[in-house]
Amino acid sequence: MVNLIQKHRNTKAGAIIKCVLFLLIFFLLMMISGPFGAAFHAPYDKLFYGVYGVIAGYFSVWLIMRVEDKPLSSIGMKWDKHTWWRFSVGMLIGLLIFVPMIGIMLMFTPLSLTYNPTFFSFNTFLLYLPILPLALGEELCFRSYPQVKLNSTYGIWISQIVMAILFGAYHMLMGWNVLVAFTGPAVWSFVFGLAAIKHGGIAVSTGIHFFINVLQSIVGTKGGKTGLWKLDYLPGTTKPMMDNTDHIGLLLHALLLIGALVLTARYAKSLRQTVKTEK
């Protein structure tokens with residue numbers, strides 16, 4: 001493997017080899033964690049997987065950058081005084097995307113929100129603790145080294161499409177069905193990926209990812225009893241009305257995808273114009 005990497009060190013094939021190696025290392029480390037996480041009861045199992053995922057992700061990045069013989073800062077992996085600000089910008093972007101989407105669902109479908117009086121409790125707080133490390137772990141895996149490497153070697157479109165497919169496939173491995181994985185996480189991957197590429201690091205993308213997951217939990221779109229509200233159908237809702245609700249949800253994610261693609265195209269165009277100006 002080392003000889004193969006050295007042989008293709010500065011080639012396009014080498015970029016693929018190193019990305020595959022990075023992902024293999026990360027997934028192997030996550031597979032090893034399975035029995036250890038199973039020893040914890042909910043919600044501590046998710047917290048364990050989240051913290052372990054961050055450690056595994058950071059170790060995988062550190063290891064592959066040793067192979068590259070480059071500092072972590074070369075792919076935007078650095079902490080500075082603006083990191084929390086960029087993370088907060090990401091949270092704001094997540095809020096601005098999520099609120100219109102849930103608002104449209106409530107306006108044009110038989111869904112309603114019911115206040116959950118048991119929300120403000122220590123047990124609920126524990127259920128929200130894993131959200132940040134879980135989001136950060138996924139951003140380390142998908143939006144750090146592999147996204148940067150594919151973007152610098154093949155361009156933004158290839159990096160966006162490949163990472164979206166991998167992100168959807170990853171969620172399938174986590175037990176999601178194909179439709180949900182590729183109309184949910186795979187679509188959001190284009191948003192996260194563009195944020196990471198444009199801002200030169202994962203602070204903004206992690207902020208978006210984290211806050212979207214928090215907001216989904218708060219309004220009950222993830223099910224369970226962890227939300228400030230419970231999202232459910234109104235009494236008397238028929239099967240055709242439920243099917244129509246699913247269609248509207250798919251339409252909103254299609255619009256999100258179109259928006260992300262348009263912004264990606266505009267960003268790619270701005271990069272080309274910058275290159276022409278410098279010449």
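Colleague: On what basis are residues numbered and features counted?
Modeller: Residues are numbered from 1 along each chain as its sequence is written, and side-chain values use heavy atoms, with hydrogens and water left out. In this predicted model, totals for chains, interfaces and linings use all residues, local features need pLDDT of at least 70, and side-chain atom pairs count only at pLDDT 80 or more.

Colleague: Which element of the protein chain has the highest mean pLDDT?
Modeller: The term pLDDT denotes the predictor's confidence in each residue, from 0 to 100. The protein chain averages 91, and 94% of the residues score at least 70. Helices are DSSP runs (H or I, at least four residues), numbered from the N terminus. Helix 1 (residues 2–7) has the lowest mean, 52, and the highest, 97, belongs to helix 9.

Colleague: What is the reach of helix 4 from its first C-alpha to its last?
Modeller: Helix 4 covers residues 83–108 and has 26 residues. The expected span of a helix is 1.5 Å times one less than its number of residues. For helix 4 the expected value is 38 Å, and the reach is close to that, at 38 Å.

Colleague: Is tryptophan 84 buried or exposed?
Modeller: Buried means under 20% relative accessible area, exposed over 50%, and partly exposed in between (1.4 Å probe, protein chains only). In helix 4, the buried residues include Thr83 and Phe87. Tryptophan 84 has a relative accessible area of 51%, so this residue is exposed.

Colleague: How is the aromatic pair of tryptophan 79 and tryptophan 84 arranged, and what is its class?
Modeller: Rings of Phe, Tyr and Trp (its six-membered ring) pair if their centres lie within 6.5 Å; planes under 30 degrees apart count as stacked, over 60 as edge-to-face and the rest as tilted. The structure holds 19 such aromatic pairs. In the pair of tryptophan 79 and tryptophan 84, the centres are 5.7 Å apart and the planes stand at 80°, which makes the pair edge-to-face.

Colleague: Which charged residue lies over the face of phenylalanine 167?
Modeller: Phenylalanine 167 belongs to an aromatic cluster that includes Trp188 and Phe192. A charge sits over a ring if NZ of Lys or CZ of Arg is within 6 Å of the ring centre and within 35 degrees of the ring normal. At 4.4 Å from the ring centre, the residue over this face is arginine 143.

Colleague: With which residue does glutamate 68 form a salt bridge at 3.3 Å?
Modeller: A salt bridge is a side-chain nitrogen of Lys or Arg within 4 Å of a carboxyl oxygen of Asp or Glu, and the count comes to five. Glutamate 68 lies in helix 3 (residues 44–68) and its partner in helix 2 (residues 12–38), so the pair ties together parts 50 residues apart in sequence. Both residues are buried, and the partner is lysine 18.

Colleague: Is aspartate 243 exposed or partly exposed?
Modeller: Aspartate 243 forms a salt bridge with lysine 239, at 2.9 Å between the closest N and O atoms. Lysine 239 counts as exposed at 54% relative accessibility. Aspartate 243 has 27%, and therefore counts as partly exposed.

Methods
Helices (H or I, at least four residues) and strands (E, at least two) are DSSP runs, numbered from the N terminus.
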